Amino acid sequence: MYNEKVMEIFKNPKNVGSLRGANAKGRVGNSACGDIMEIYMIIENEVIKDVKFKTFGCAAAIVSTSVATELIKGKTIDEALQVTNKQILDILGGLPTPKIHCSVLAEEAIESAINDYRKRQEKLQKQAN
Amino acid sequence: METTNKKVYLDYAATTYVNNEVLTEMLPNFSGSYGNASSLHGFGRDANAVIETARERIAKAINCAPNEIYFTSGGTEANNWAIIGLAEANKFKGNHIITSAIEHHSILDACKELEKRGFKVTYLPVDEYGLIRFDKLLDAIDKDTILISIMAANNEIGTIQHLQAIAQTAKEKGIIFHTDAVQAFGNFAIDVQKLGIDSLSLSAHKIYGPKGIGCLYVKRSVPIKALINGGNQEYGKRAGTVNVPAAAGFGKAVQIALRDMSVNVQKIRAMREYFIKQLKENIEDIQINGHPNQKLQSIVSVSFEFIEGESILLMLDMQGIAVSTGSACTSGSLQASHVLKAIGLNDEIAQGTIRFSFGKGTSKDDIDYTVEKLKVVVEKLRSMSPLTKRRKKVNV
């Protein structure tokens, strides 16, 4: 059902865990569809210095989040927002059709974390003013 | 974790290996008695004799007449045929069918097809253990009800229904009663006359027989529409050359299942109890689904909180351990199992459910190895899950 590349990443997903000092957190999905992804970032000067994730879900969900975090680590937030599910799928060599939504969810998880960061920044700005 | 060469099969409810005695019974019929059982000559008569022996063995096992057994390509075909064939042949009496929410898809999807044809179908709810709600059954029966189909035992959680009570209720109301006994057969005695069952489905590959053959029992007095037209095979109800080696194997498998039933059930019960004990001692935050007593000993449905079933399955597979999420027929679908939802599990718990099913080949070593690996897999996945935090907060 899954190709070898997917299984390889599933065995050793990258950037798993929580992130102390994270200033951005995104959460997408729900347990009804079977997948919940959380992405945590440390963003300094618009650059994603570090990123970690936790995922409840199938292998496709776990590998999609792993690949997404690798794609954005060290990138600016604008660059990170350019990441698409197609890029994730290309790196994975494809996912079974019913699992493609997992790659979309990973793309949305990045957006969700960056939106959270921007909200926090706005809040800080307001407080400073 | 590294991958391994060790193999542990804990998916007997999906299918079983073919027993040696069964294989021995089948082999001479591939190139020996290879005649077409419908032919009049000696080759045909030999093949026909093999089929009739198999039919007699199956009939004897469920206490019906041999001419009430129709061979099919398997349990799915038998279930499809029972629902559609019985409904179509009896629609002059009414257009209402009652089944349960936890049936196999071969029943549920056949019922959906009947709905398209204008029949009305009631899907009975079940309680937390998977037993059908009797009050709801009585409420559902009306003057148009022509067929009730309730599975003997569930393939995902193992719960055994009160067959006799359901059959008697149907009988009193003059309604045909069918039961899907594919998963149940070989676990307890099923006497169709004593229980009052009008129709019953069986499959060979769940009882150490070959894949590709099953049968439908239909009581002689109950009309059923032919499934396949094109010949006189199976009393003109299911045309097509009968698979002689498979029928021979099926008959033998049924005979052995009954012969060894009490030994098998006792052995498997011991394995099950040992497994559950080890599981509870080694892994926290789990729940065992289904009825505590009234269930197949061979199936253990376990929900692991905070993690998802497919990931568990794949990581166990890397260790050579074969299990299922829900049932093999629904894996690959995104929806949580309809059975687990029907017994009231929330999505998160349902998604984290694994079916372990034991059989004749299961050893204590298999269970020790499985629990050892399971502990590591569950810990690893929980460390990756955003839901696990909740538990830690509660504990602190």
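A salt bridge here is a side-chain nitrogen of Lys or Arg within 4 Å of a carboxyl oxygen of Asp or Glu. By that rule the count over all chains comes to 24 salt bridges. This is a predicted model, where local features need pLDDT of at least 70 and side-chain atom pairs count only at pLDDT 80 or more, while totals for chains, interfaces and linings use all residues. Residues are numbered from 1 along each chain as its sequence is written, chains are lettered from A and ligands numbered from 1 in the order in which they are written, and side-chain values use heavy atoms, with hydrogens and water left out.

Let's start inside chain A. D90(A) and K86(A) join their side chains in a salt bridge, 3.2 Å from N to O. These two sit four residues apart in helix α4 (residues 85-92) of chain A, so about one helical turn separates them. Helices (H or I, at least four residues) and strands (E, at least two) are DSSP runs, numbered from the N terminus.

Now for the place where the chains meet. With contact meaning heavy atoms within 4.5 Å, 27 residues of chain A touch 22 residues of chain B. About 2,100 Å² is buried between chain A and chain B, and carbon and sulfur atoms give 63% of that; buried area is the accessible area (1.4 Å probe) that two parts lose on being put together, summed over both. How many salt bridges link chain A and chain B? The count is one, and K99(A) forms it with E310(B), the closest N and O atoms lying 2.7 Å apart. On the chain A side, α1 (4-11), β1 (24-30), β2 (35-44), β3 (47-56) and α2 (59-72) each supply at least two of the residues that touch chain B.

Over in chain B, look for an open sheet of three strands in the order β9-β10-β12, with antiparallel pairing. Two strands pair if DSSP finds at least two bridges between them. β9 (286-289) and β12 (353-357) of chain B are the edge strands, each pairing on one side only. From one strand to the next, the twist averages 30°. Four bridges connect β9(B) with strand β10 (residues 299-304) of chain B, and I288(B) stands opposite V302(B) in β10(B).

Two helices go with this sheet. Helix α10 (residues 261-282) of chain B packs on it, touching β9, β10 and β12 of chain B, and its direction makes about 10° with that of β10(B). Helix α14 (residues 364-384) of chain B lies across those strands at about 25° to β10(B). Axes are lines fitted to C-alpha atoms, for helices over the stretch in contact, and angles run from 0 to 180 degrees between N-to-C directions.
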